[in-house]
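I opened this entry to keep a record of what I looked up, in the order in which I looked. The sequence and the model go in here before my notes.

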Amino acid sequence: IVSRDWSSDVALPISERDFMQEINANTRTSILLCLIAFLIVTQIGILTARWVINPILQLNISAKRIARGKWQQSLEIERDDELGELAKSFNSMAEQLQESFAALQANNTEIKLLNEALSESQNQLTKFLEAMPVGVFITDANGKPYYINLIGQQILGQGLVTEATSEQLAEVYQVYLAGSSSLYPSSPMPIIRALQGESVTVDDMEIRRTLSEKIIPIEALGTPIYDESGNIAFAIATFTDITQRKQAEKLLAQYNRTLETQVKERTKELLQVIEK
């Protein structure tokens with residue numbers, strides 16, 4: 001190998017060993033520099049990845065905690081880039097969720113208290129209706145049976161039949177027109193007229209029990225119940241067994257007929273005495 005000295009334009013001989021040593025040294029230096037550069041770039045990449053990924057992981061963990069109902073979540077990410085803005089939005093959302101959840105809990109507490117008060121009022125109303133000495137039958141605004149107290153069940157011979165319509169009440173509860181073999185018509189029934197806004201009282205109804213062949217005459221009063229808007233919400237019919245009254249009326253009628261007969265006979269005898 002010849003090395004030229006350009007300053008003197010003289011070619012100097014260089015051994016191959018010296019030349020390769022220099023190349024190998026340069027190669028090792030290049031490889032070392034590449035390794036150092038690779039390590040530096042890798043470290044920078046790891047730090048950059050952590051700088052980017054860690055906030056995203058924090059967002060993910062906080063979002064999962066919120067999804068499990070842990071509303072007290074806050075991210076401490078002080079950055080001015082998109083991730084910082086996202087963290088601020090997340091914190092704002094978490095605060096709004098906390099406020100909404102607190103308001104919801106307060107509303108639920110109020111609703112629970114109202115439900116308890118309503119339940120207590122319904123229990124008291126049920127006790128009042130059960131304590132009444134008459135039968136009570138209530139339908140909703142559509143004529144669907146809603147409630148019947150114990151005395152009402154005893155008189156009618158059965159409990160509440162919720163699937164019955166207003167037109168089927170007479171057939172379901174075997175309500176007949178007194179002194180006839182016909183079911184009581186739907187239109188003049190007190191509960192139906194109450195649904196039409198009327199208050200009416202009738203005493204020409206009979207409950208006939210097929211099995212025992214027992215006939216129970218009843219007197220019924222129908223009354224509409226209005227809501228706050230003035231619309232009919234329910235119709236209530238109170239009824240009572242008037243068997244004793246009917247028997248008394250029958251006895252009174254017989255007594256009146258007997259008395260009338262006796263008066264006629266006495267009058268006839270008196271006229272005969274006067275004639276003599």
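**Ground rules.** I am working with a predicted model, in which local features need pLDDT of at least 70 and side-chain atom pairs count only at pLDDT 80 or more, while totals for chains, interfaces and linings use all residues. Residues are numbered from 1 along each chain as its sequence is written, and side-chain values use heavy atoms, with hydrogens and water left out.

**Whole chain.** I began with the secondary structure and found six helices and eight strands in the protein chain, where helices (H or I, at least four residues) and strands (E, at least two) are DSSP runs numbered from the N terminus. Read from the N terminus, the elements follow the order β-β-α-α-β-β-α-α-β-α-β-β-β-α. I then checked burial, taking buried as under 20% relative accessible area, exposed as over 50% and partly exposed as in between (1.4 Å probe, protein chains only); of the 276 residues, 23% are buried.

Which strands form the open sheet, and in what order? I read six strands in the order β4-β3-β8-β7-β6-β5, with antiparallel pairing; two strands count as paired if DSSP finds at least two bridges between them. At the edges are β4 (145-148) and β5 (175-177), each of which pairs on one side only. Neighbouring strands of this sheet are turned by 35° against each other on average, direction ignored. Helix α6 packs on the sheet and touches β6 (200-209), β7 (214-226) and β8, its direction making about 120° with that of β7; the axes are lines fitted to C-alpha atoms, for helices over the stretch in contact, and angles run from 0 to 180 degrees between N-to-C directions.

I followed the partners of β8 next. Strand β3 (residues 135-140) pairs with β8 (residues 232-241) in the antiparallel sense over six bridges; V136 stands opposite T238, and T139 has A235 as its bridge partner. On β7, nine bridges join that strand to β8, again antiparallel, and E219 stands opposite T240. The hairpin of β7 and β8 has five residues between the strands, and G230 there takes a positive phi near 85°.

**Salt bridges.** How many salt bridges are there? I count six, a salt bridge being a side-chain nitrogen of Lys or Arg within 4 Å of a carboxyl oxygen of Asp or Glu. R193 pairs with E198 at 3.1 Å between the closest N and O atoms, and both ends are partly exposed, R193 at 24% relative accessibility and E198 at 32%. R208 and E206 also form one, with 3.1 Å between the closest N and O atoms, and E206 counts as buried because its relative accessibility is 13%.

In helix α6 (residues 243-275), R245 and E249 lie four residues apart, about one turn of the helix, and they form a salt bridge with the closest N and O atoms 3.5 Å apart. R245 is partly exposed at 32%, as is E249 at 38%. A network of salt bridges links D203, E219, R245 and E249.

**A nonpolar patch.** I found a nonpolar surface patch of about 470 Å² made by L32, L33, I36, I40 and I44. Patches are made of residues with over 30% relative accessible area and no salt bridge, like charges being joined within 9 Å and nonpolar side chains (Val, Leu, Ile, Met, Phe, Trp, Tyr) within 5 Å. I36 lies in helix α1 (residues 16-67) and is partly exposed, at 40% relative accessibility.

**K144.** Last, I looked up K144, which sits in the loop between β3 and β4 and is partly exposed with a relative accessible area of 43%. Not counting residues up to four places away in sequence, K144 touches I138, T139, T162 and A164. K144 and T165 are 21 residues apart in sequence, yet their C-alpha atoms are 5.7 Å apart in space.

Note on methods
Contact = heavy atoms within 4.5 Å. Areas by Shrake-Rupley, 256 points an atom, 1.4 Å probe, with all protein chains shown as cover.
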